[in-house]
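Hello,

Here is the structure I promised to pass on to you. Have a look at it first, and my notes follow below.

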Amino acid sequence: MTTRLADIALQAGVSEATVSRVLNGKPGVAATTRQSVLAALDVLGYERPVRLRQRSEGLVGLITPELENPIFPALAQVIGQALTRQGYTPVLATQTPGGSTEDELTEMLVDRGVAGIIYVSGLHADTTADMQRYDRLRAQGVPYVLVDGFSPKVQAPFISPDDRAAMSLAVTHLVSLGHTRIGLALGPKRFVPVQRKIEGFVRTMQDQLGLRAETVESELVQHSLYTLEGGQAAATALIDRNCTAVVCASDMMALGAIRAARQLGLDVPKDVSVVGFDDSPLIAFTDPPLTTIRKPVPAMGQAAVRTLLEEIGGTPAPHSEFVFMPELVVRGSTASAPGERGRS
């Protein structure tokens, strides 16, 4: 037994005492260290103790903001399935207004000995948040991956859609239909994806229509909430400013924009065109079917899991941002601008 402990300790690069703790299922060992010891067992051809074989590869936490927006359950499903295929058990932790915070959910998962955590649209996306919380987590030996949002202050792998390119796709599509007065409805400005969407929107409006950046930001960008009601409020304001098309930062906001147009006695897409963002499940079956920017959810979810498992396995991925290209899906909520239709 002593010889075996020494072999495993040498292979894993840890002490024999640490190997003993892992083999006996004792707490107090970092997830990465535990994984290194188990990997050493496999490499040296030793059978894992029965208690370790029965526990699968361990738990992985997934923290999402909420589940009302269909894009979050869709992403959770992809991540959960990918983890299960690799022998891990996903643990979904959801923030709700007035409920547990991200920090409280993190503490709960760490207390349960998770092998790692995937954060979706968490505090890492908020430019006003304290990023030291992620440094403290790394110091505890818990690997993590951050989805949707980037901070240069955090040394970790990030998984993001190309928000700037998404806005370029949406605006270019609407300009090709003859729209020159295009509004952007999106969430609070402190969030990184919001800032990037604004950058892409403003730059494309400059390139395609020759508008001044200051004009675009002051007249054609409306901040609100990522909800149906938020989209309705933002779209109402933009339509009042004579916008004939509205690009929304989520499909839920886009549904609100369609409702806003109808309450103003306007038809979508005859009077107002609406573009969403995400391509959430069932969004193709709305009335009208929603033209939207498809977020590459399967690729992003699988990349998040693959990157996290590399971190857990002791071969960390580069601490940088992996950016995935979105896709324009044209359906029935966009059409030629009213003036253009009359001329044609």
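How many bridges join strand β4 to strand β5? There are 2 bridges between β4 (residues 144-147) and β5 (residues 158-161), and the two strands run parallel. Within this pair, Leu-146 stands opposite Phe-158 in β5.

A word on the basis: this is a predicted model, where local features need pLDDT of at least 70, side-chain atom pairs count only at pLDDT 80 or more, and totals for chains, interfaces and linings use all residues. Residues are numbered from 1 along each chain as its sequence is written, and side-chain values use heavy atoms, with hydrogens and water left out. Helices (H or I, at least four residues) and strands (E, at least two) are DSSP runs numbered from the N terminus, and strands pair if DSSP finds at least two bridges between them.

Now the sheet: 6 strands form an open sheet with parallel pairing, in the order β2-β1-β3-β4-β5-β11. Its edge strands are β2 and β11 (321-324), each pairing on one side only.

At the β2 end, 6 bridges join β1 (residues 59-64) to β2 (residues 89-94), again in parallel. Leu-62 stands opposite Leu-92 in β2. From β1 the chain crosses through helix α5 (residues 71-85) to β2, in a right-handed β-α-β crossover (clockwise from the first strand over the helix to the second, with the strands pointing away from the viewer).

Finally, Thr-106 lies in helix α6 (residues 102-111). Leaving aside residues up to four places away in sequence, Thr-106 touches Ile-63, Ile-117, Tyr-119 and Leu-137 (heavy atoms within 4.5 Å).

Best wishes
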